[in-house]
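Dear colleague,

I am handing over the structure below, together with notes on what was found in it. Please read the notes with the model open beside them.

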Amino acid sequence: MKNIIIAPSILSADFANLEKEIRAIDVGGCDWVHIDVMDGSFVPPITIGDNIVKAIRPHTEKVLDVHLMVEHPDRQVEAFAKAGADIITIHQEACVHLERTLQLIRSLGCKAGVSLNPGTPLSTIKNVLHCVDLVLLMSVNPGYGGQSYIHAVTDKIAEARKMLDDAGSDAHLEVDGGVNAATVAEVCGAGADAIVAGSAVYNKPDYAVAMQELRELA
Ligand code: DX5
Ligand code: ZN
């Protein structure tokens with residue numbers, strides 16, 4: 001059992017009862033609340049906007065971990081910062097001026113995260129680690145909850161752990177997609193300290209029990 005951060009993704013929550021669903025993971029012992037923002041372009045679905053983040057904010061004091069799967073994230077980060085995000089993560093693949101956008105996130109008072117799709121190499125973020133508070137490795141192709149973990153990403157997690165340690169970075173290493181009771185030990189054993197869990201929490205009858213099980217298996 002490792003001391004890990006558990007960030008349930010509300011993508012798998014009941015959107016008609018979002019207040020209740022947020023409170024349930026909060027009292028159930030989550031560390032962060034992971035919010036998947038999709039724009040219908042970077043990924044096919046459209047999900048959550050800054051207005052929803054603003055609506056959620058009064059209902060939990062937990063860290064709001066906002067994952068922007070959008071084109072032109074530089075145009076969006078200010079709205080999400082104002083809405084109450086604590087961490088804003090952008091995709092390397094969506095950013096021409098990655099360093100500038102990461103610095104912009106920090107200048108807005110948020111922690112800056114950078115995410116990589118499964119097929120994108122770690123070398124693409126090596127030169128921006130000085131302004132990164134979180135690396136989010138996708139272990140599925142983004143867009144949908146409930147997909148299967150891509151085992152080829154496990155070596156990448158270990159490589160990322162080494163890259164952050166070698167750089168003297170204390171950035172979190174978070175893994176997103178297909179993390180559940182069957183895969184959490186592999187993910188955390190490779191060096192992740194934070195996990196996103198959508199269906200592995202919200203598709204279970206008792207969210208607290210589901211999170212505790214993930215902690216024990218990590
Ligand atoms: C996928 C999202 C994930 C997703 C994870 O594009 O970024 O956060 O909700 O869902 P599970 O844990 O069900 O794979
Ligand atoms: Zn996500």
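Is Ala 24 buried, partly exposed or exposed? Ala 24 counts as partly exposed because its relative accessible area is 26%, where buried means under 20%, exposed over 50% and partly exposed in between, with a 1.4 Å probe and the protein chains only as cover. Before going further, please note that this is a predicted model, in which local features need pLDDT of at least 70, side-chain atom pairs count only at pLDDT 80 or more, and totals for chains, interfaces and linings use all residues. Residues are numbered from 1 along each chain as its sequence is written, chains are lettered from A and ligands numbered from 1 in the order in which they are written, and side-chain values use heavy atoms, with hydrogens and water left out.

Ala 24 belongs to helix H1, residues 18–27, helices being DSSP runs of H or I with at least four residues and strands DSSP runs of E with at least two, both numbered from the N terminus. Although 182 residues separate Ala 24 from Asp 206 in sequence, their C-alpha atoms are 9.1 Å apart in space.

On the ligand

Ligand 1 is surrounded by 20 residues, and the closest of these are Asp 36, Gly 143, Asp 176, Gly 198 and Ser 199; a residue is counted here if one of its heavy atoms lies within 4 Å of the ligand. By class, this shell holds eight nonpolar, ten polar and two charged residues, with Ala, Val, Leu, Ile, Met, Phe, Trp, Tyr, Cys and Pro taken as nonpolar, Asp, Glu, Lys and Arg as charged, and the others, Gly among them, as polar.

Oxygen atoms of ligand 1 lie 2.8 Å from a backbone N or O atom of Gly 146, 2.8 Å from a polar backbone atom of Gly 178, and 3.4 Å from an N or O atom in the side chain of His 67. Of the 380 Å² of accessible area that ligand 1 has on its own, the protein covers 99%, the areas coming from the Shrake-Rupley method with a 1.4 Å probe. The elements that give two or more residues to the shell around ligand 1 are strand S2 (32–38), strand S3 (63–69) and strand S8 (194–197), and S2 provides the largest share, three residues.

On individual residues

His 72 is found in the loop between S3 and helix H3 (77–83), and has a positive phi of about 50° although it is not a glycine. For context, most residues other than glycine have a negative phi. His 72 counts as partly exposed, because its relative accessibility is 39%.

Ile 87 lies in strand S4, residues 87–91, and is buried at 6% relative accessibility; Ile 87 and His 172, 85 residues apart in sequence, are 11 Å apart from C-alpha to C-alpha. Tyr 149 is likewise buried, with a relative accessible area of 7%, and sits in the loop between strand S6 (134–138) and helix H5 (153–166).

Asn 180, in the loop between strand S7 (172–176) and helix H6 (184–189), is partly exposed at 28% relative accessibility. Its C-alpha atom and that of Leu 217, which is 37 residues away along the chain, are separated by 9.5 Å.

With best wishes

How values were computed. A polar contact is a pair of N or O atoms within 3.5 Å; within protein, one must be able to donate a hydrogen and the other to accept it, and residues adjacent in sequence count only if both atoms are side-chain atoms.
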